[in-house]
Amino acid sequence: MKLPRAQVAVLKTADANEYRTITDVATEADLQPETTTGAAFALAEEGLVTVTEETDESITLTVEGEQYVDEGLPERRLYDAAIAAGADEDPVDLGTLIGEAGLDGDAVDIALANFARKGYGTVDSGEVAADPDADSDADAERVALEAIGEGEDVADALAAVLGDDSQTDAQGVLDQLERRGLVDRAESTIRRVQLTDDAVTALMEGVEAAEEVDQLTPDMLTSGEWRDAEFAEYNVEAEAEEITPGTEHVLRQTANRVKDVLVGMGFQEMQGPHADAQFWINDCLFMPQDHPARTHWDQFALSEPDQIDDLPDDVVERVRKAHLEGVGEDGEGYHSPWELDVAKSLDLRGHTTSLSARYLSGYQEGELDPPERYFSVEKVYRNDTLDPTHLLEFFQIEGWVMAEDLSVRDLMGTFTEFYEQFGIEDIEFKPHYNPYTEPSFELFGTHPETGELVEVGNSGIFRQEMLDPLGVDVDVMAWGLSLERLLMLMYGFEDIRDVHGTLCDLQLLRDVEVVY
């Protein structure tokens, strides 16, 4: 019997009395594992070997996971610091506890993201209240990390610490640790081969290696040798290395699709600074300078530089008068202080409506000639409490239309047309209040997995108190929509943090099928 050289090597190395792993056979036969696997499958088709398969999972700590085994999970360190500071009785300043816990950089965000999730307490308005009944020693994620570090079985470790009757699911704990990037899990297929009786008979009768060619070369074509050559079969079922190439993030893919849809609806794209003067972020939107949303609890202020001097004097004066005196005969303004230094101070923008103010005033691109349509899909920054639908930074779909005699019908019709492009046909509207729009309403969509209503945006018709100081004498309807929540409605994601931020699920991002 003549067989390809690799198959002969596998036959002579495998055993008739026991199964041997492909790795062992490959090592002894001096073959590559991939070559050995292909030869084994080919022999199995001829009935000369039996091939078995089983899946094995290995779990190892990442560098960050090893760090937390040594130092403790950030949320646990925050909780322990809170208890030591008496936060189980009275709320304690978050900044103080961060210092006491030795947290910095990403560790702060990670601690905040997991503190409430684990029932350690609450973080509200910059203060931490700790639950005195929480048991940080019984943290299942901590127990699992330490078990992995010691090479112990996770399920046994959880049962030993939390009790045999604990309902804690080891697989669920491992899934969460993987999402947090604290462990690496790898599945491998272990294949074993054993000779059949037919193989033993063939070996006794004699097996020879056939000269086979596995690559067609230019010389063979030129000389004509290919006509007499015996080519090795190409096994398309042979095990191959899993490759996970870099791909465009699903959030960026959706952002680009949103841009394409809006351009198709006749809109032009706006661009502008992420750090801007409060004048453009808030004052132009007729938001009083003592409004709670303008405090450092809701916005991020810059310290260096801390203000901008390049503001249009004429627009500044008209905005100042609108705040102090109002607009029109019946306008009254806010009767609250308005200071130029506050208007000049620099913040990270909490919404992209700052771009709308820049464009509407003519400051960014020059005077506009109605009708006009503009949009942006840009990142904004807010000092929110982290939860499944809120992040410290996210993408906002800003848009507005400038034209004569616009109404709420026009606005609702625009949303209907926009969301239908993404297969969403159940948008609901609820009246709302904004300092800069009247009428105003919020938008809601139904989550495809939970059936719950999810707020996806805010909108309205800009008030004259905003438009007149900017020099606009026609109607402007506008909106700010969440790109991440559009993603939730499209793909069924229940937690924004699975796709965006320090806790994103990389495997989920690799496996998700893009919706077009």
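Tutor: Buried means under 20% relative accessible area. Keep in mind throughout that this is a predicted model.

Student: OK. Is Arg 20 buried or exposed, then?

Tutor: Arg 20 counts as buried, because its relative accessibility is 18% and the cut-off is under 20%. Arg 20 is in strand E2, residues 20-21.

Student: Which residues does Arg 20 touch?

Tutor: Not counting residues up to four places away in sequence, Arg 20 touches Thr 13, Asp 15, Val 25, Glu 28, Arg 191, Arg 192 and Val 193.

Student: Where is Thr 13?

Tutor: Thr 13 is in helix H1, which covers residues 5-13. Thr 13 is buried, with a relative accessible area of 10%. Leaving aside neighbours within four places in sequence, Thr 13 is in contact with Arg 20, Val 25, Glu 28 and Ala 29.

Student: And how far apart are Thr 13 and Thr 437?

Tutor: Their C-alpha atoms are separated by 80 Å, and the two residues are 424 residues apart along the chain.

Student: Which domains does the assignment give?

Tutor: The domain assignment gives domain 1 as 2-60 + 189-209 and domain 2 as 252-275 + 350-511. The centres of domain 1 and domain 2, taken over C-alpha atoms, are 60 Å apart.

Student: Then at what angle do H8 and H10 cross?

Tutor: Roughly 85°, with the axes of H8 (residues 140-150) and H10 (residues 170-179) coming within 10 Å. That makes H8 roughly perpendicular to H10, since the range for that label is 65 to 115 degrees.

Student: Which residues make the contact between H8 and H10?

Tutor: From H8, Ala 140, Glu 141, Ala 144, Leu 145 and Ile 148; from H10, Val 173, Leu 174, Gln 176 and Leu 177. The residues of this contact divide into seven nonpolar, one polar and one charged.

Student: How many residues of H8 are buried?

Tutor: Eight of the 11, so H8 is largely enclosed by the rest of the structure. Those buried in H8 are Ala 140, Glu 141, Arg 142, Val 143, Ala 144, Leu 145, Ala 147 and Ile 148.

Student: What caps the N-terminal end of H8?

Tutor: Asp 139 does, with a side-chain oxygen 2.9 Å from the backbone nitrogen of Glu 141. Just after H8, Gly 151 takes a positive phi of about 75°.

Student: How far is Ala 159 from Ala 140?

Tutor: The C-alpha atoms of Ala 159 and Ala 140 are separated by 9.9 Å, with the two residues 19 residues apart along the chain. Ala 159 is in helix H9, residues 154-162, and is partly exposed, with a relative accessible area of 22%.

Student: Now H5 and H7. At what angle do those cross?

Tutor: Roughly 80°, and the axes of H5 (residues 74-84) and H7 (residues 106-115) come within 7 Å. That makes H5 roughly perpendicular to H7.

Student: Which residues make that contact?

Tutor: Pro 74, Glu 75, Leu 78 and Tyr 79 of H5 meet Ala 107, Ile 110, Ala 111, Leu 112, Asn 114 and Phe 115 of H7.

Student: What do the buried residues of H7 pack against?

Tutor: Helices H4 (63-71), H5, H6 (94-101) and H10, plus strands E5 (121-124) and E6 (127-130). H7 is mostly covered, with seven of its 10 residues buried.

Student: Last one: is Lys 344 buried or exposed?

Tutor: Lys 344 counts as buried, at 18% relative accessibility. Lys 344 lies in helix H16, residues 340-344. Leaving aside neighbours within four places in sequence, Lys 344 is in contact with Ala 277, Asp 306, Gln 307, Ile 308, Asp 309 and Leu 311.

Technical notes:
Residues are numbered from 1 along each chain as its sequence is written. This is a predicted model: local features need pLDDT of at least 70, side-chain atom pairs count only at pLDDT 80 or more; totals for chains, interfaces and linings use all residues. Side-chain values use heavy atoms; hydrogens and water are left out. Axes are lines fitted to C-alpha atoms, for helices over the stretch in contact, and angles run from 0 to 180 degrees between N-to-C directions. Helices (H or I, at least four residues) and strands (E, at least two) are DSSP runs, numbered from the N terminus. Angles under 35 degrees count as roughly parallel, over 145 as roughly antiparallel, 65 to 115 as roughly perpendicular and the rest as oblique. Contact means heavy atoms within 4.5 Å. Ala, Val, Leu, Ile, Met, Phe, Trp, Tyr, Cys and Pro count as nonpolar, Asp, Glu, Lys and Arg as charged, and the others, Gly among them, as polar. Buried means under 20% relative accessible area, exposed over 50%, partly exposed in between (1.4 Å probe, protein chains only). A polar contact is a pair of N or O atoms within 3.5 Å; within protein, one must be able to donate a hydrogen and the other to accept it, and residues adjacent in sequence count only if both atoms are side-chain atoms. Domain bounds come from an automatic or database domain assignment.
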